[in-house]
Amino acid sequence: MADTIEAAGLAIHPGLLSPAEQRALLSDIAAVIRKAPLFRPTMPRTGKPFSVMMTNCGPLGWVSDKTGYRYQPRHPETGKPWPPMPDRLVALWRSLGAPAEPEACLVNMYDEGAKLGMHQDSDERTYDAPVVSVSLGDTAVFRMGGTTRRGPTRSVRLSSGDVVVFGGESRLMYHGIDRVLSGSSRLIDGGGRINLTLRRVTPWSDAPSL
DNA sequence: TAGTAACC
DNA sequence: GCTA
């Protein structure tokens with residue numbers, strides 16, 4: 001395990017999760033996907049499909065369709081509430097010193113060829129809490145930039161078990177996935193990469209009313 | 001608008 | 001810079 005990289009509130013923790021922890025988490029997520037099947041979001045206005053498949057767990061889930069990006073309490077296809085956040089993810093969030101409790105866990109499934117263009121996580125009503133990202137399965141070529149669309153970017157490989165915390169200035173940094181290195185991990189049967197992003201959507205002061 | 005093209 |  002290499003040293004933790006830290007800059008402007010960004011913390012990359014290579015190999016934070018042991019192989020046993022990765023397998024346990026993957027098992028939790030497989031159960032989530034059985035209850036809340038992966039769906040393919042589409043772009044606002046154009047309706048162009050994402051290459052990434054998604055689902056969520058926790059009280060709120062991120063979705064996108066022709067009408068826009070938003071958080072909502074129910075699966076867009078089944079109409080059912082998102083499955084509960086696994087205890088293991090709440091424990092991870094707390095272990096990283098994040099405030100309150102995570103309200104949303106977006107599950108992104110990358111098959112071979114899937115990618116995600118550069119974007120900011122800015123659909124939340126609060127940016128006080130960090131975004132916590134967990135990588136499972138095949139290695140991703142992750143690109144990160146600054147807090148505006150233009151400017152220099154750098155490329156970082158994220159392997160299974162790596163955890164990234166976007167806090168402080170880095171909370172609104174542009175980032176994306178250039179590609180996934182097929183066959184680089186044996187964690188997921190059939191290959192691919194699963195990324196979990198834990199987020200706080202509403203300010204902590206609003207939380208008791210949830 | 002988390003996609004994509006096209007042009008440099 | 002386009003998209004509906």
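## Close-ups of a predicted model

**View 1. Ile194 and its neighbours.** Leaving aside residues up to four places away in sequence, Ile194 touches Leu26, Ile29, Val107, Asn108, Met109, Val134, Ser135, Leu136 and Ile188 (contact means heavy atoms within 4.5 Å). Ile194 sits in strand S13, residues 193–199; strands (E, at least two residues) are DSSP runs numbered from the N terminus. Ile194 counts as buried because its relative accessibility is 4%, the cut-off being under 20% relative accessible area with a 1.4 Å probe and protein chains only.

A quick note on what's shown: this is a predicted model, where local features need pLDDT of at least 70 and side-chain atom pairs count only at pLDDT 80 or more, while totals for chains, interfaces and linings use all residues. Residues are numbered from 1 along each chain as its sequence is written, chains are lettered from A and ligands numbered from 1 in the order written, and side-chain values use heavy atoms, with hydrogens and water left out.

**View 2. Leu196, also in strand S13.** At 0% relative accessibility, Leu196 counts as buried. Leu196 touches Leu25, Ile29, Leu89, Cys105, Leu106, Val107, Val132, Ser133, Val134 and Leu136, again not counting residues up to four places away in sequence.

**View 3. The annotated binding site.** An unreviewed UniProt entry puts the feature "binding site" at Asn108, Met109, Tyr110, Arg193, Ile194, Asn195, Leu196, Thr197, Leu198 and Arg199; positions follow the numbering used here, feature names are shortened, and annotations may be inferred rather than shown by experiment. From this set, Asn108, Tyr110, Arg193, Asn195, Thr197 and Arg199 belong to the lining of the largest pocket. On a 1 Å grid over the protein atoms alone, a pocket is an open set of points where a 1.4 Å probe fits, with protein on both sides within 12 Å along at least five of seven lines, and lining residues have an atom within 4 Å of a point.

**View 4. The surface near DNA strand B.** There are 17 residues around DNA strand B, and Arg45, Tyr69, Gly117, His119 and Arg149 come nearest (near means a heavy atom within 4 Å). Strand S7, residues 116–119, gives the most to this surface, with four residues.

View 5. A polar side-chain atom of Arg45 is 2.4 Å from a phosphate oxygen of DNA strand B, and for Arg149 a side-chain N or O atom lies 2.8 Å from a phosphate oxygen. His119 has a polar side-chain atom 3.3 Å from a sugar or linking oxygen of DNA strand B.

Notes: A polar contact is a pair of N or O atoms within 3.5 Å; within protein, one must be able to donate a hydrogen and the other to accept it, and residues adjacent in sequence count only if both atoms are side-chain atoms. Buried means under 20% relative accessible area, exposed over 50%, partly exposed in between (1.4 Å probe, protein chains only).
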